[in-house]
Amino acid sequence: MTTLLIKSIDYLATFDDARREIRDGALLVRDNVIDQVGTTAQLGSTPADRVVDLSGHIVMPGLVNTHHHMYQNLTRVMVQDDELFVWLTTLYPIWAQLDDEAIYVSARVAMAELMQSGCTTSSDHLYVLPNNATLDAEIRAAREVGIRFHAARGAMSRGKSQGGLPPDNCVEKEDAILRDAERLINQYHDSSRHSMSRIVLAPCSPFSVTPGLMKEAAQLARAHKNVLLHSHLAEDLDEETYCAKVYGMRSVDFAASVDWLGPDVWFAHAIFLNDREIQTFSETGTGMTHCPSANMRCGQGIAKIRQMRQAGVKVGLGVDGSASNDTSNMFLEARLAQLLQRVAPARYLSETPGGPGGFGGNPKALSARDALEMATRGGASVLGRDDIGALAPGMSADFIAVKLRQLGLSGAERDPLAALIMCGPFKVDHSFINGREIISRGEFTALDVEEVLASHRTIMSRIYQQ
Ligand SMILES: [Zn+2]
């Protein structure tokens with residue numbers, strides 16, 4: 001057993017059940033688990049194998065990213081000004097060039113970018129698997145870079161000839177999808193506490209799979225402990241139209257019809273939920289991922305986050321794919337979540353006769369702490385985890401430190417926690433994941449960024465040449 005003492009932390013935001021924020025804080029870590037949390041006066045003289053002085057820093061739990069498509073960083077800034085279905089149908093043929101090497105290299109870029117912006121746990125929804133590509137490639141990347149990883153085995157099975165949106169060369173056979181999902185669970189899924197590797201089953205969307213695959217995926221997931229279900233839902237008005245036309249129902253009713261509501265299910269986006277459907281999410285324990293950047297980028301709309309949180313829905317944050325974001329920055333996502341809720345139309349002034357026109361927002365819609373809570377505890381709850389998202393005894397040792405003495409934070413000493421997103425985003429100076437130091441003084445301890453970038457460039461030129 002090894003012990004690690006982190007002391008003299010200027011500001012320690014624990015996000016524990018009491019939401020303690022401690023000045024001159026300290027943490028004692030045993031192996032990969034937090035043992036004690038307190039002040040430097042209380043813990044500072046505890047003997048430890050390693051002592052790290054983090055004076056001049058704010059420390060908080062690592063951020064939890066609950067929706068991504070990492071491979072998309074090979075196609076950033078493409079289709080800049082079109083709606084979702086045009087965006088997708090333009091990109092599908094390029095994504096059809098992916099293979100294991102492209103998935104591995106793009107995952108390394110995405111994971112490094114995420115970790116620099118505070119993320120210590122990420123899910124990735126990989127649903128395009130042409131050329132015998134597998135999730136094994138990104139799981140290997142996660143193990144090498146040291147991020148806690150929930151690999152979501154995505155899938156598309158309804159090609160254009162079957163009334164779906166993707167071209168036929170981007171879809172897989174349903175029995176092969178399910179066989180591969182079971183293989184991944186047996187090979188990589190660790191259901192235990194402090195697990196670094198979990199498998200999620202994730203058919204892509206109502207317009208790219210069949211109801212039969214959704215039902216069978218749910219059955220397969222529920223036969224295994226802590227295997228969760230994930231998909232896109234209520235993401236776009238075109239999806240609403242598709243569900244009405246093909247299934248004769250709203251998308252949440254479609255989810256219910258394939259047994260996809262429950263505490264083991266979370267959906268990305270969930271923008272177009274009415275009051276009844278928000279209540280359904282709350283009552284069934286169904287979670288959602290809010291992706292403000294992508295929702296703004298594709299002009300989709302504003303999810304009712306304030307209303308969902310008030311109704312008790314589990315809400316996490318996600319950067320979404322790097323072709324619709326086009327970054328993997330979790331602090332930025334928390335900042336945009338806060339700001340976007342504030343401009344969500346609380347009341348349509350233009351509908352008031354003789355009114356001033358335009359629409360009004362609400363500065364109380366979401367606080368900085370609410371947004372950071374969604375990025376930590378919220379994400380953990382969506383992923384079905386009670387061992388990450390807060391710093392308290394018995395929790396996984398996943399925490400980040402941001403340097404306070406930097407230009408963008410000067411003058412924010414009164415509230416350094418809110419400042420992380422109100423003045424940011426910032427890069428982390430230190431990141432510990434499962435007790436292991438991944439970033440130290442702003443540098444990766446075991447990742448050669450230049451090498452990662454060079455291999456990314458090589459893959460990109462190959463894909464675009466084809
Ligand atoms: Zn997505």
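The model is predicted: local features need pLDDT of at least 70, side-chain atom pairs count only at pLDDT 80 or more, and totals for chains, interfaces and linings use all residues. Residues are numbered from 1 along each chain as its sequence is written.

**Exercise 1.** Determine which residues of helix H6 are buried and what they pack against.

Solution. 
1. Helices (H or I, at least four residues) and strands (E, at least two) are DSSP runs, numbered from the N terminus. H6 covers residues 211-222.
2. A residue is buried if 20 or more other C-beta atoms lie within 10 Å of its own, exposed if 12 or fewer, and partly exposed in between, with C-beta atoms placed from the backbone. Leu 213, Met 214, Ala 217, Ala 218 and Ala 221 are buried.
3. Seen down the axis of H6, these fall within an arc of 135° (taken from the directions from the helix axis to the C-beta atoms), so they line one face of the helix.
4. Gly 212 and Gln 219, on the other side of H6, are exposed.
5. The buried residues pack against strands S8 (148-155), S9 (197-203) and S10 (228-233) and helix H5 (174-188), where contact means C-beta atoms, placed from the backbone, within 7 Å.

**Exercise 2.** Find the strands that pair with S14 and describe its burial.

Solution. 
1. S14 spans residues 399-403. Two strands pair if DSSP finds at least two bridges between them.
2. S5 (residues 57-61) pairs with S14 in the antiparallel sense over five bridges; His 57 stands opposite Lys 403.
3. S15 (residues 430-433) and S14 are also antiparallel, over three bridges, with Phe 432 as the bridge partner of Phe 399.
4. Four of the five residues of S14 are buried, so the strand is largely enclosed by the rest of the structure.

Methods
The expected span of a helix is 1.5 Å times one less than its number of residues. Two residues are in contact if their C-beta atoms, placed from the backbone, lie within 7 Å.
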